[in-house]
Amino acid sequence: MIAGPDRTPLPREFFDRPVLEVAPDLLGRVLVRNSPEGPIELRLTEVEAYAGEADPGSHAYRGRTARNDVMFGPPGHAYVYFTYGMWHCLNFVCGPEGAASGVLLRAGEVIEGAELARKRRLSARNDKELAKGPARLATALDVDRALNGADVCAGPEAPLSILAGIPTHPDQVKNGPRTGVGGEGSVHPWRFWEANDPTVSPYRAHTPRRRRT
């Protein structure tokens with residue numbers, strides 16, 4: 001008999017580690033989003049690590065601001081940012097307080113609440129696309145800046161929580177360059193994903209944005 005996913009909430013100590021340990025260890029874990037419309041559960045299949053002030057690709061590279069303040073706080077909290085004037089993205093803060101490291105949740109498989117996710121992701125051609133990419137993931141889960149700073153270790157009834165699930169076997173964890181990161185940060189192979197999983201988003205290299213003339 002095959003055991004189901006472990007529904008034990010991950011403790012804060014899980015996140016109080018170096019970001020390059022936390023990121024691959026998040027694969028296979030179950031993210032729970034509780035909202036007034038109902039719950040959605042998502043098995044994480046793709047993430048990216050960002051190492052704070054030591055990482056040119058990180059929002060915290062140039063220090064603390066009003067936007068990234070949550071990243072400098074205690075581990076096990078959500079950092080939600082708004083990008084391109086259109087999309088939200090969800091991260092988990094990790095490492096010791098003040099380190100400002102975090103893991104971007106890039107993709108996952110909706111395992112519960114797919115009907116609700118479909119209503120939020122009307123352009124998805126199938127369920128594999130519901131959370132295939134960080135903006136799609138946040139949209140499917142109805143994540144916005146109101147959840148910035150949410151404690152994901154507060155328990156299963158919290159708006160966001162993370163369960164032990166079934167960790168992806170190390171042999172199935174792949175890594176490579178982060179999507180869309182340019183400059184010095186482009187060299188870090190800090191994107192981690194589950195091999196051969198159809199919900200993983202395609203890799204795209206950084207494309208410099210042209211300034212309007």
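Predicted model: local features only at pLDDT ≥ 70, side-chain atom pairs only at ≥ 80, totals over all residues.

Me: What makes Phe92 and Phe15 an aromatic pair, and which kind is it?
Reply: Their ring centres are 5.6 Å apart, and the cut-off for a pair is 6.5 Å. The angle between the planes is 80°, and over 60 degrees counts as edge-to-face. The pair is therefore edge-to-face. It links distant parts of the chain, with Phe15 in helix H1 (residues 12-15) and Phe92 in strand S5 (residues 87-94), 77 residues apart.

Me: How do you know whether Phe15 is buried or exposed?
Reply: Its relative accessibility is 0%. That is under 20%, so Phe15 is buried.

Me: Why is the pair of Tyr79 and Tyr81 called tilted?
Reply: The planes of Tyr79 and Tyr81 are 40° apart. Stacked needs under 30 degrees and edge-to-face over 60, and the rest are tilted, so this pair is tilted. The distance of 5.7 Å centre to centre is within the 6.5 Å limit for a pair. As for burial, Tyr79 has a relative accessible area of 2% and Tyr81 has 12%. Both values are under 20%, so Tyr79 is buried and Tyr81 is buried as well.

Me: How many aromatic pairs are there in the whole structure, and which residues do ring pairs link into a cluster?
Reply: The search finds three aromatic pairs. The cluster is made of Phe14, Phe15 and Phe92.

Me: What makes you say that Arg17 lies over the face of Phe14?
Reply: Arg17 is 4.6 Å from the ring centre of Phe14, and the distance limit is 6 Å. There is an angle condition too, within 35 degrees of the ring normal; the assignment of Arg17 over the face of Phe14 rests on both. In another such case, the charged end of Arg191 sits over the ring of Trp193, 4.3 Å from its centre.

Me: How do you know how many disulfides the structure holds?
Reply: It holds zero. A disulfide is a covalent bond between the sulfur atoms of two cysteines. The closest cysteine sulfur to that of Cys94 is in Cys153, 11 Å away. A disulfide needs the two sulfur atoms within 2.5 Å, so the gap from Cys94 to Cys153 is too far for a bond. Looking from Cys153, the closest cysteine sulfur is that of Cys94, again at 11 Å.

Me: What makes up the lining of the largest pocket?
Reply: The largest pocket has a volume of about 1,200 Å³. It is lined by 44 residues, and the closest to its centre are Tyr81, Thr83, Tyr84, Thr179 and Gly180. The lining divides into 15 nonpolar, 16 polar and 13 charged residues. Helix H4 gives the largest share, four residues.

Me: What stands out about the phi of Tyr84, and why is Tyr84 called buried or exposed?
Reply: Tyr84 has a positive phi of about 55° although it is not a glycine. Tyr84 is found in the loop between S4 and S5. Its relative accessible area is 58%, and exposed means over 50%, so Tyr84 is exposed.

Me: How do you know whether Asn196 is buried or exposed?
Reply: Asn196 has a relative accessible area of 77%. That is over 50%, so Asn196 is exposed. Asn196 is in the segment after strand S9 (191-194), and has a positive phi of about 65° without being a glycine.

Me: And why is Gly76 called buried or exposed?
Reply: Gly76 has a relative accessible area of 0%, which is under 20%, so Gly76 is buried. Gly76 is found in the loop between S3 and S4.

Terms used:
Residues numbered from 1 in each chain as written. Heavy atoms only, no water. Phe/Tyr/Trp six-rings, centres within 6.5 Å; stacked < 30°, edge-to-face > 60°. Helix = DSSP H or I, 4+ residues; strand = E, 2+ residues; numbered from the N terminus. Buried < 20%, exposed > 50% of the residue type's maximum accessible area, 1.4 Å probe, protein only. 1 Å grid on protein atoms, 1.4 Å probe; cavity = no way out; pocket = protein on both sides within 12 Å on 5 of 7 lines; lining within 4 Å. Points joined across faces, edges and corners; volume = space filled by probe spheres on them. Nonpolar A, V, L, I, M, F, W, Y, C, P; charged D, E, K, R; others polar.
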